[in-house]
Amino acid sequence: MSGLATASARWLARASAAAARLGAGEAPAAGALRRAGLEAFGALGLPGTKLEEWRYTNLAPLAALDWQLPSERVHPIERETLEALASPVFACGLLVFANGRFVPELSTLRSPEVEVTSLAAARRSGDARALPRVGTLVDVKLHPFAALAAACLDDGVCIRLPAGAKLEQPLHIVFLSLDEGAPVASHPRVWIEAGRGSVAVVVQDHVSLGGGPAFTNAVTELHVGPGAQLTHVLLQRESTASFHVSNTTAQLERDARLATHAISLGGRLVRNDLLLLLAGEGAEAVLNGLFLCTGERLVDNHTFVDHAVPRCTSRQLYKGVLAGRSRGVFRGRVLVRPDAQHSDAKQSNPNLLLGDGAEIDAKPQLEIRADDVKCSHGSAIGRVDENALFYLRARGIDEAAGRALLVRGFAAEVLAALPEPALAEALADTFAELLEKP
Amino acid sequence: MKEAILEIEGLEAEAGGKHILRGIDLVLRAGEVHALMGPNGSGKSTLAGALAGRPGIAITAGKVHYRGEDLLALEPEERARRGVFLAFQYPVEIPGVSNNYFLKSALNAVRAHRGEEPLDAMEFLSVVREKAALVEVPKDLLARSVNEGFSGGEKKRNEVLQMLLLEPTLAVLDETDSGLDIDALRIVANGVNALRGEQRAMLVITHYQRLLDYIVPDQVHVLTEGRIVKSGGKELALELEERGYSWLEQEPPRSEASAR
């Protein structure tokens, strides 16, 4: 524990010191958010495994490194590299971030339907539309990493879809981790406000370009307005030297629809918190997740769906594939509040264990406080179906290829639900490559 | 004499801790179709599984040669690539893997072993469409996950489609007729007959005589309690249909017909 306490004190000192630099000339709303973050992180610190929420995820490896906030250095990024990353998504806009900072030269936006501002610009200009909303959905008093991100408030993106706006193609946000000599920690924020009846797909894509240690602590807030339809894809395809903690908090208004897809294919230690508040009647949430753990990696997914009002629907499918000596955690909490009659919640978490040394701690959790609801949940841990493997081998497919095919098949259900078929295919290939050469 | 495709000598095997095959002798030559009949639990599927290399079947005695090679020393995929094909009694569902992708992977694995170039997507499509038409497998079954949600008949037709694609030298059909209505049976039999040829041998395992109206065998063998107790021509199947299997249990094992 002392390791975590020491690291917490160090991070707090760094964030306080940086506040003077980062906060210079920023609007009061940004300063208030930063101060709230500093205060909350000071009180919470890095969470230890004694806390139920962090029981299976030991942060010691993260705390052991001496993380620096990103420098002001401009990173040369090859356009070809970027194109290769961007190609599976046929996007109406590409927003590029390097170590959490917006790179306007590499970013493009072809849709006039959407308003996009960098958070750094909004902080300075005091953007009255976006800035006061940033930080209002996530509760920094409950989430130490969200508190840290607020304390280190720097850059990110504010996306606003006006009422009725319809994006024909996805908006692709690429967060690149680049080496800076020392371990670098970035705290990018994404704020998306989908106005009444708007429709959009946003892909939040985290990629490593360097192989050095990087820590991404992302905070995403999604406000889905009445009747709006938002699809949010979180892609984590970072190197095995990367740490990634993400908090995605969403609020759905009346008849809103939100589909989230969390695809975790990279990183040494990944922790995702996804918190959905179904705040308006008739709201509908789809939560899809796929995580692949190989080698000694750890991926921890915590989801929380709060059925706060009547007649909302949630559909959750998280699949884990664990190989080598990896660890997986899934904790899915569904709360149906006393007033939320006619709630319809389904949760399913099948996991596939490939190695004898791999482990998964799965804990679905339904808390139902209303009496007229339809709720179900289930978690399963299985191995490759030997009968299916024999079937493939009996057709000439060798054992290794057969196993890979079966695992790919297991993942396909989640990938097939992605809004872009080309992206699904590219991710299925990455998935297969990672399994072959972790 | 034609080439011996399959030679089984004194084969004994255990499965699930039980002694199931108790000494099987059987020779299939190129161009021949043999039917293997017998009551439930007689060891028919165990024999089929032993030939394909199904895990969980322990060979305790005897030998199996496939075109002169020790078949039992080969992994299941090596057997398949050399031309041994088992049509499964219970084809396995594989969620998330498209039938097309599966068929192409299988065909290209077998082609690679034969020293042939892999087929690309377009070439594969034209081959698979032609074969699928023969066994009336519609396009949507090719696009769907392997066997997932297929009806019994569709699964069996899909097995025969795989056989037509892979063009095996030795095909073992394990109760491919069970659960089929007469139309499906005719389709399956057409597929099998399309593949019959001078260079191939087939072992058709069935519970019922009616399949043999469509696939006329050169020889019929009766398996009871892990042994072939009688062999004969196609008329033996009719006799079995009439008299059942019980009369054979009084006969001495093996008849003169098997020595042909």
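## Helix α6 of chain B

Helix α6 of chain B runs over residues 152-166 and has 15 residues. From its first C-alpha to its last, α6(B) reaches 22 Å, close to the 21 Å expected at 1.5 Å a residue. This description, like the rest of the report, comes from a predicted model.

Is α6(B) largely enclosed or largely open? Of its 15 residues, 12 are buried, so the helix is largely enclosed by the rest of the structure. The buried residues include K155(B), K156(B), R157(B), N158(B) and E159(B). Also among them are V160(B), L161(B), Q162(B), M163(B), L164(B), L165(B) and L166(B).

What do the buried residues of α6(B) pack against? The helices on the list are α3 (99-113), α4 (121-134), α5 (139-143) and α7 (182-195), and the strands are β6 (84-87) and β9 (170-174), in chain B. After the helix comes E167(B), which has a positive phi, near 45 degrees.

## A sheet in chain B

Chain B has an open sheet of 4 strands, in the order β2-β1-β4-β5, with antiparallel pairing. Its edge strands are β2 (18-29) and β5 (69-70), each of which pairs on one side only. In general, strands of a sheet pair through backbone hydrogen bonds, either parallel or antiparallel.

Within this sheet, β1 (residues 4-15) and β4 (residues 57-66) of chain B pair in the antiparallel sense over 8 bridges. One position can be picked out by eye: L6(B) stands opposite Y66(B) in β4(B).

## Where chain B meets chain A

How many residues of chain B are in contact with chain A? On the chain B side there are 19, and they are in contact with 19 residues of chain A. The elements of chain B that give two or more residues to this side are α2 (76-81), β7 (94-98) and α3. By class, the side of chain B that touches chain A has 13 nonpolar, 3 polar and 3 charged residues.

## A buried loop residue in chain A

V114(A) lies in the loop between β3 (108-109) and β4 (115-118) of chain A. Why does V114(A) count as buried? It has 22 C-beta neighbours inside 10 Å, and the cut-off for a buried residue is 20 or more.

Leaving aside residues up to four places away in sequence, V114(A) touches I159(A), L161(A), A165(A), L167(A) and L171(A). The C-alpha atoms of V114(A) and K166(A) are separated by 8.6 Å, although these residues are 52 residues apart along the chain.

Technical notes: Residues are numbered from 1 along each chain as its sequence is written. Chains are lettered from A and ligands numbered from 1 in the order in which they are written. This is a predicted model: local features need pLDDT of at least 70, side-chain atom pairs count only at pLDDT 80 or more; totals for chains, interfaces and linings use all residues. Two residues are in contact if their C-beta atoms, placed from the backbone, lie within 7 Å. Two strands pair if DSSP finds at least two bridges between them. The expected span of a helix is 1.5 Å times one less than its number of residues. Ala, Val, Leu, Ile, Met, Phe, Trp, Tyr, Cys and Pro count as nonpolar, Asp, Glu, Lys and Arg as charged, and the others, Gly among them, as polar.
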